[in-house]
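Biologist: Could you walk me through this model slowly, please? I am still new to reading structures.

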Amino acid sequence: MHYAFRYAFLSLLISTPLHAKTIDWIVTDFAPYYIFNDQYAGTGRDEGVIALLEQQLPSYTFNRTIFPSSRTIQELSNPNHTYCMLSLYQSPHRKQHISFSEQTSTVGLSPSIAIHQELVQHLKLETSTPVSLKTLLNQYQLALGISMSRSYGNAIDAVINNSADASIIIRPGRDTLASLTYMLKKKRIDILLGYPSEHYYLAKSMGFEDQLMQLPLTEAPDLSYGYIGCTNTEQGIAQVEVLNAALKEIKQQPAYREVLLRWLPDNLKPLLEQRLQANKNAPTE
């Protein structure tokens, strides 16, 4: 009896720290942030950052659970299980259920347009400076492709909503960006709105990245910031503190910057480098 009690007590001492040293990550099949199935599997930007955090925290066990992107926030907000997730935008509503890191976990370029190089030359667009989406739609009357129910920021959304006479193709459903990228390849639309790394990955997967250019927009902010969010439980709050400290360390590593640049076309890598340098002392909130 005494032996059984002692064994149970020792088991409790051993098992509790092991549980406390486990971080359960939500991941989702959304390239190029997470890439699971094609020839580029394992090279996603966000999974690269998680791998760097895992190296920085050798005493922690990282588990990864795949959820559909439509369920990620719901699962992250459920207090019955503590999860963490990378590259989240903060909002007052999300902060009611999710504890966020102070440090940014990922930084990328804001939405841009993908366009065929020959159309850039035909319109004599300046490729070294941002272009105006409003001008492209209303002055040049280019056909724009966008995904349904996706926000691109207040300024860009306002241009789209106030361009009643513009040709705007809206695609619903899963894999909408891939469908629109195919339309761009076939020149059924002139320009495609999205994030630069998404454009580049899809075009590369379809084998026509050399035919495209990506142009930053005057209506978009310089950078897009994402944070780590963990379920707002006692365990999640503690994990955010640990991950926040680890972020400070890995962001000093060359490997971290390489991950951020991994899925950008060559012409935009210097722009991200320049903006990261200009904003390195920007506030974390």
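This is a predicted model: local features need pLDDT of at least 70, side-chain atom pairs count only at pLDDT 80 or more; totals for chains, interfaces and linings use all residues.

Biologist: Let's start with the rings, then: how many aromatic pairs does the structure hold?

Modeller: The structure holds eight aromatic pairs. One of them is made by Phe-67 and Tyr-83, whose ring centres are 5.6 Å apart and whose planes stand at 90°, so this pair is edge-to-face.

Biologist: And where do Phe-67 and Tyr-83 lie?

Modeller: Phe-67 lies in the loop between strand E2 (61-66) and helix H3 (72-77), while Tyr-83 lies in the loop between H3 and strand E3 (84-88), so the pair ties together parts that are 16 residues apart in sequence. Both Phe-67 and Tyr-83 are buried.

Biologist: What about the rings of Tyr-201 and Trp-263, how are their planes set?

Modeller: The planes of Tyr-201 and Trp-263 are at 80° and the ring centres are 5.3 Å apart, so that pair is edge-to-face. Tyr-201 belongs to helix H9 (residues 196-206), and Trp-263 sits in the loop between helix H11 (254-261) and helix H12 (269-278), so the pair ties together parts 62 residues apart in sequence.

Biologist: Why does Tyr-201 count as buried?

Modeller: Tyr-201 counts as buried because its relative accessibility is 8%, and buried means under 20%. Trp-263 counts as buried as well, at 6% relative accessibility. Tyr-201 and Trp-263 also belong to one aromatic cluster, together with Tyr-40 and Tyr-200.

Biologist: Switching to charges, how many salt bridges are there?

Modeller: A search of the whole structure finds eight salt bridges. Among them is the one between Glu-75 and Arg-71, where the closest N and O atoms are 2.5 Å apart. Glu-75 counts as buried, at 15% relative accessibility, whereas Arg-71 is partly exposed, with a relative accessible area of 34%.

Biologist: Which helices hold Arg-257 and Glu-273?

Modeller: The side chains of Arg-257 and Glu-273 meet in a salt bridge at 3.2 Å, N to O. This pair links distant parts of the chain, with Arg-257 in helix H11 and Glu-273 in helix H12, 16 residues apart. Arg-257 is partly exposed, at a relative accessible area of 31%, and Glu-273 counts as partly exposed at 29%.

Biologist: Now the backbone: what kind of peptide bond joins Ala-31 and Pro-32?

Modeller: A cis peptide bond joins Ala-31 and Pro-32, with omega at about 5°. Pro-32 is found in the loop between strand E1 (22-27) and helix H2 (45-56). For background, most peptide bonds are trans, and most residues other than glycine have a negative phi.

Biologist: And is phi of Gln-141 positive or negative?

Modeller: Phi of Gln-141 is near 55°, a positive value in a residue other than glycine. Gln-141 is placed in the loop between helix H6 (133-138) and strand E6 (144-147), and at 63% relative accessibility it counts as exposed. Lys-187, which is not a glycine either, has a positive phi of about 65°.

How values were computed: Residues are numbered from 1 along each chain as its sequence is written. Side-chain values use heavy atoms; hydrogens and water are left out. Rings of Phe, Tyr and Trp (its six-membered ring) pair if their centres lie within 6.5 Å; planes under 30 degrees apart count as stacked, over 60 as edge-to-face and the rest as tilted. Helices (H or I, at least four residues) and strands (E, at least two) are DSSP runs, numbered from the N terminus. Buried means under 20% relative accessible area, exposed over 50%, partly exposed in between (1.4 Å probe, protein chains only). A salt bridge is a side-chain nitrogen of Lys or Arg within 4 Å of a carboxyl oxygen of Asp or Glu.
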